Amino acid sequence: MKKLVAYITTGFPDKNFTVDLALSLKEAGVDSLELGIPFSDPVADGPVIEAANLLALQNGFKIADLLEVSEKIAPEIDTLWMGYFNPFYHKGLDFFLTKAKEYGVSGFIIPDLPHEEGIAYRQMFDEKDIALIDFVAPTDSKERIADIVKDAKKFIYMVAYAGITGAEKSESLDSIISAVRENTDTPLYIGFGVNEKTAKEKAKGVDGVIVGSAFVKILLQEDLTNSQKIDNISTLARSIKELINE
């Protein structure tokens, strides 16, 4: 069974909604949830997720909201924190790791922390038994992929193309998949540009998909009530989970 990881923006439109959506996504078949930490300059994200980040910040998002949401949902669904390095650095990575351990958060995804720089923090993550998710991309050489994945934990995040999230682009990934498989048994998940149209094709040869912008687009639809947003996102998640496992 291929896995579905869902990204949602924490605290948008509010923290109680985030909890309700997370629990609904679990019922829809989502295996793991990325709680996105709103940040003013999300460099790897496209306009959809960037817009949700900015709206969450305008609505008064605080790190305390992330902690409160995580405490409620992490016992129910496998939860990761996805955020840029600045907020982690500003408040202290040890603070976040301690709280993650307390609440049962299983991993961190930090897209602007290169593997080579992340090595310095590995011991902190290992001591808490929390995964620091590694990225591989079409621009990586076989040698670099081998170095990145040799100690990978939980899953490896394969970027589907060079660029930002949510774009309708595709690149041949066969050589990357082969390079990963030659060096590790850690599951390989694909992200960037995964939606209902592309999920089945993108899931070929990998162990799961990561979906963000397709869900956040629905979050941004102002003509929907909150309950309609939850229903629509959950229906989409259920459909994608079925498509990748056909």
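Predicted model: local features only at pLDDT ≥ 70, side-chain atom pairs only at ≥ 80, totals over all residues.
Most peptide bonds are trans, and most residues other than glycine have a negative phi. A few places here go the other way. The bond joining Phe-12 and Pro-13 is cis, with omega at about 0 degrees. You'll find Pro-13 in the loop between β1 (3-9) and α1 (15-27).

Two non-glycine residues have a positive phi. For Asp-129 the angle is about 55 degrees, and this residue sits in the loop between α7 (122-128) and β5 (131-132). Asp-129 is exposed, at 65% relative accessible area. Lys-154 has a phi near 70 degrees and belongs to the loop between α8 (142-149) and β7 (156-159). Lys-154 is partly exposed, with a value of 31%.

## A salt bridge across the sequence

The model has 15 salt bridges. One of them pairs Lys-26 with Glu-76, with 3.8 Å between the closest N and O atoms. Lys-26 is in helix α1 while Glu-76 is in the loop between α3 (63-73) and β3 (78-82), so the bridge ties together parts 50 residues apart in sequence. Both ends are partly exposed: Lys-26 at 34% and Glu-76 at 41%.

## Salt bridges within helices

Glu-68 and Lys-72 pair up at 3.5 Å, N to O. They are four residues apart in helix α3, which means about one helical turn separates them. This pair is also part of a salt-bridge network with Lys-15 and Asp-65.

Helix α5 (residues 93-103) holds Lys-99 and Glu-102, three residues and about one helical turn apart. Their closest N and O atoms are 3.7 Å apart. Glu-102 is exposed at 52%, whereas Lys-99 is partly exposed at 22%.

Terms used
Residues numbered from 1 in each chain as written. Heavy atoms only, no water. Buried < 20%, exposed > 50% of the residue type's maximum accessible area, 1.4 Å probe, protein only. Salt bridge = Lys/Arg side-chain N within 4 Å of Asp/Glu carboxyl O.
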